[in-house]
Amino acid sequence: MGIRENIESIRAELEQELQRLDDVKQLEEARQRVLGKKGSLTALLRSMGQLSPEERPAAGQMINAGRERISAMLDERLTTLKARERERKLEREALDVTEPRDLPRLGVAHPTSLVLDEVLSALTGLGFDVVEGPEIELDHYNFELLNLPKNHPARDAQDTFYVDDNIVLRTHTSPVQARTMLSRKPPIRIACPGRVFRADEVDATHSPVFHQIEGLVIDKDVNMGDLKGTLDALFKRLYGDDIETRFRPSFFPFTEPSAEVDLTCISCRGKGCRMCKGTGWIEVLGCGMVNPKVLTMCGIDPNEYTGFAFGIGLERITMLRYGIKDMRLLYEGDERFLRQFR
């Protein structure tokens with residue numbers, strides 16, 4: 001059989017095989033059997049060594065022409081098979097976009113986050129900057145710069161988690177105030193939100209981990225009237241224009257004079273109820289004028305500057321805002337509880 005006949009035989013046999021092939025993998029195997037290193041057409045090309053020099057050019061042209069025809073056949077079939085596979089894939093993966101589907105469950109902001117955002121919005125509206133600091137704090141910032149030297153009896157009320165003698169989990173966000181007074185010159189007007197730690201037993205109103213928002217203002221001629229006006233504006237924003245604040249004398253080492261702040265009862269609006277024990281008032285925070293000793297230790301001249309500070313328990317005002325009776329509900333992550341704040 002001559003070269004032309006061999007080429008035509010290979011082509012005809014491959015043409016019949018291509019009609020039976022149904023996937024790309026089989027097609028590539030057929031390509032290798034014909035055009036690969038050990039393929040039938042490649043073997044025919046190698047047999048040209050047996051021909052005379054005069055016959056080789058014509059034989060080479062026939063084999064190359066045959067290779068081009070066979071390659072075109074294979075490519076055409078490959079295009080057909082790929083199109084068919086794509087159609088099958090689309091059929092398998094087809095989606096009915098009209099079919100009703102369950103909507104994804106959306107999360108909600110935590111109630112403490114909602115109240116925190118509102119408090120910070122109110123304070124920044126009054127000109128406060130928001131400043132944060134480390135939760136693992138040096139005793140120097142957490143106590144000593146706040147007029148609480150070592151062995152001071154007021155430290156006992158803090159129930160502190162000590163890492164060692166000089167490192168504590170901060171018991172309030174007041175060390176942020178101390179750090180700010182050391183690093184900035186007055187005027188200073190900052191709000192300090194954050195997580196704090198005290199060795200309390202867990203119950204309906206206590207937790208070893210909770211959150212505070214503290215405020216600090218240092219400037220010339222700052223007085224208690226400025227403090228009361230700031231707190232009035234804040235709590236009217238949170239609870240309504242009919243809410244009033246009341247100061248009662250108290251003691252804190254880092255403020256002098258100091259006060260406990262009562263609010264008009266959120267539940268009865270001052271009429272007297274079980275929540276306020278019939279008084280019409282609810283205690284919410286402590287505050288006062290910054291102790292001159294604290295100003296001096298932080299490098300601020302108390303003869304030139306005065307200031308006030310206050311500290312709010314975030315969980316406390318959140319519970320009042322939403323009528324929550326048990327603080328533990330804020331930490332348990334129960335979706336039935338949290339979905340109420342959508």
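With which residue does Lys228 form a salt bridge? The partner is Asp232, and the closest N and O atoms of the pair are 3.5 Å apart. A salt bridge here is a side-chain nitrogen of Lys or Arg within 4 Å of a carboxyl oxygen of Asp or Glu.

1. Basis of the note. The model is predicted: local features need pLDDT of at least 70, side-chain atom pairs count only at pLDDT 80 or more, and totals for chains, interfaces and linings use all residues. Residues are numbered from 1 along each chain as its sequence is written, and side-chain values use heavy atoms, with hydrogens and water left out. Helices (H or I, at least four residues) and strands (E, at least two) are DSSP runs, numbered from the N terminus.

2. The pair within H8. Both Lys228 and Asp232 belong to helix H8, where 4 residues, about one turn of the helix, separate them. Lys228 has a relative accessible area of 29% and is therefore partly exposed. On this scale, buried means under 20% relative accessible area, exposed over 50%, and partly exposed in between (1.4 Å probe, protein chains only). By the salt-bridge rule, the count comes to 15.

3. A salt bridge between two loops. Glu304 and Lys220 are joined through their side chains by a salt bridge of 3.5 Å, N to O. This pair links distant parts of the chain, 84 residues apart: Glu304 is in the loop between helix H9 (292-297) and E10, and Lys220 is in the loop between E6 and helix H8 (224-239). Glu304 counts as partly exposed at 39% relative accessibility, and Lys220 counts as partly exposed at 47%.

4. Asp262 and Arg246 form a salt bridge at 2.8 Å, N to O. Here too, distant parts of the chain are linked, since Asp262 is in strand E8 and Arg246 is in strand E7 (residues 245-252), 16 residues apart. With a relative accessible area of 3%, Asp262 is buried, whereas Arg246, at 32%, is partly exposed.

5. Two strands are taken to pair if DSSP finds at least two bridges between them. Strand E8 (residues 255-264) runs antiparallel to E9, and 8 bridges join the two; Thr264 has Trp281 of E9 as its bridge partner. Strand E9 (residues 281-290) is also antiparallel to E10, to which 5 bridges join it. Gly286 is the bridge partner of Gly311 in E10, and Gly288 is opposite Ala309 in E10. Of the 10 residues of E9, 8 are buried, so this strand is largely enclosed by the rest of the structure.

6. Strand E6 (residues 209-219) pairs with strand E10 (residues 306-313) in the antiparallel sense over 8 bridges. Ile218 is placed opposite Gly307 in E10, and Ile218 in E6 is also the bridge partner of Ile188. E5 and E6 are paired in the antiparallel sense, with 10 bridges. Strand E1 (residues 129-130), by contrast, is parallel to E5 and is joined to E5 by 2 bridges, with Val130 opposite Ala191 in E5. Strand E5 (residues 188-197) has 8 of its 10 residues buried, so E5 is largely enclosed by the rest of the structure.

7. Packing of H5 and H10. Helix H5 (residues 111-125) packs with helix H10 (residues 314-322) at an angle of about 100°, and their axes are 9 Å apart. H5 is therefore roughly perpendicular to H10. Axes are lines fitted to C-alpha atoms, for helices over the stretch in contact, and angles run from 0 to 180 degrees between N-to-C directions. Angles under 35 degrees count as roughly parallel, over 145 as roughly antiparallel, 65 to 115 as roughly perpendicular and the rest as oblique. Contact means heavy atoms within 4.5 Å. Among the residues of H5 that meet H10 are Pro111, Leu114 and Val119, while those of H10 include Leu314, Ile317 and Tyr322.

8. Ser174 lies in helix H7 (residues 174-183). Its relative accessibility is 5%, so Ser174 counts as buried. Leaving aside residues up to four places away in sequence, Ser174 touches Leu146 and Glu214.
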